[in-house]
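Welcome, and please open your viewer. We will go from stop to stop, selecting a few residues each time and looking at what is there.

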Amino acid sequence: DNEAFDDIKKPMQRLRERLKRQLGDDFEPASIYVDNCCTVRNRWQEVFPHTEIKLDSFHWFQRWGEIIGVPANHRLNRMFMAMMRDAVFMCDPEDYTRAKNDMTTAARAGIGRGEVARSNERDDGVEASGDGGEASGDGGEAGGDGGEA
């Protein structure tokens, strides 16, 4: 894993510098989602020191599959995993509309996503997630680093 990270470290550093130029020197992603967070967390934090490194949703779901003790092709497993998927990825329509409106307003005003989230935190004390996406690009947040599952 460390060798693989060495291959992407320089591009990630360039990405961080580009984001800082575009969004301001104090920009730092809130979270980055990877498939092996426990083994690469420290390496990622060399590049993004104040960013949480979390397990991506696909692998988080795989860990659930491993611990529930029901064969993957069993109907109860499929039912459980479908209910977990809905619990994780379904969002309240009002929350979605509010986030979409915030992002539209911010885009028109030229404000970056991070500033919208910080603004919403100040307004209501609840952390806003912007568009709900992941840095890894494959879904929404799914439960931290997998150790909590």
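Begin by selecting S57, which is found in helix α3 (residues 57–67). Helices here are DSSP runs of H or I with at least four residues, strands are E runs of at least two, and both are numbered from the N terminus. S57 counts as buried because its relative accessibility is 4%; buried means under 20% relative accessible area, exposed over 50%, and partly exposed in between, using a 1.4 Å probe and protein chains only.

Before moving on, note that this is a predicted model, where local features need pLDDT of at least 70 and side-chain atom pairs count only at pLDDT 80 or more, while totals for chains, interfaces and linings use all residues. Residues are numbered from 1 along each chain as its sequence is written, and side-chain values use heavy atoms, with hydrogens and water left out.

**Second stop: two helices**

Now show α3 together with helix α4 (residues 75–89); they pack at an angle of about 145°, with axes 11 Å apart. The axes are lines fitted to C-alpha atoms over the stretch in contact, and angles run from 0 to 180 degrees between N-to-C directions. Which residues make the contact? On α3, select S57, W60, F61, W64 and G65; on α4, select F80, M81, M84, R85, V88 and F89. Contact means heavy atoms within 4.5 Å.

Side chains of opposite charge can pair when their charged atoms come close. A salt bridge is a side-chain nitrogen of Lys or Arg within 4 Å of a carboxyl oxygen of Asp or Glu, and by this rule the count comes to seven.

Select E28 and R16: their closest N and O atoms are 2.8 Å apart in a salt bridge. E28 sits in the loop between α1 (2–23) and β1 (31–34), whereas R16 lies in helix α1, 12 residues away. Are these two buried or exposed? Both E28 and R16 are buried.

Next, pick E46 and R43, whose side chains meet in a salt bridge at 3.2 Å, N to O. They are three residues apart in helix α2 (residues 37–47), so about one helical turn separates them. E46 is partly exposed at 43%, but R43 is buried at 15%.

Finally, return to R85, which forms a salt bridge with D86, with 3.1 Å between the closest N and O atoms.
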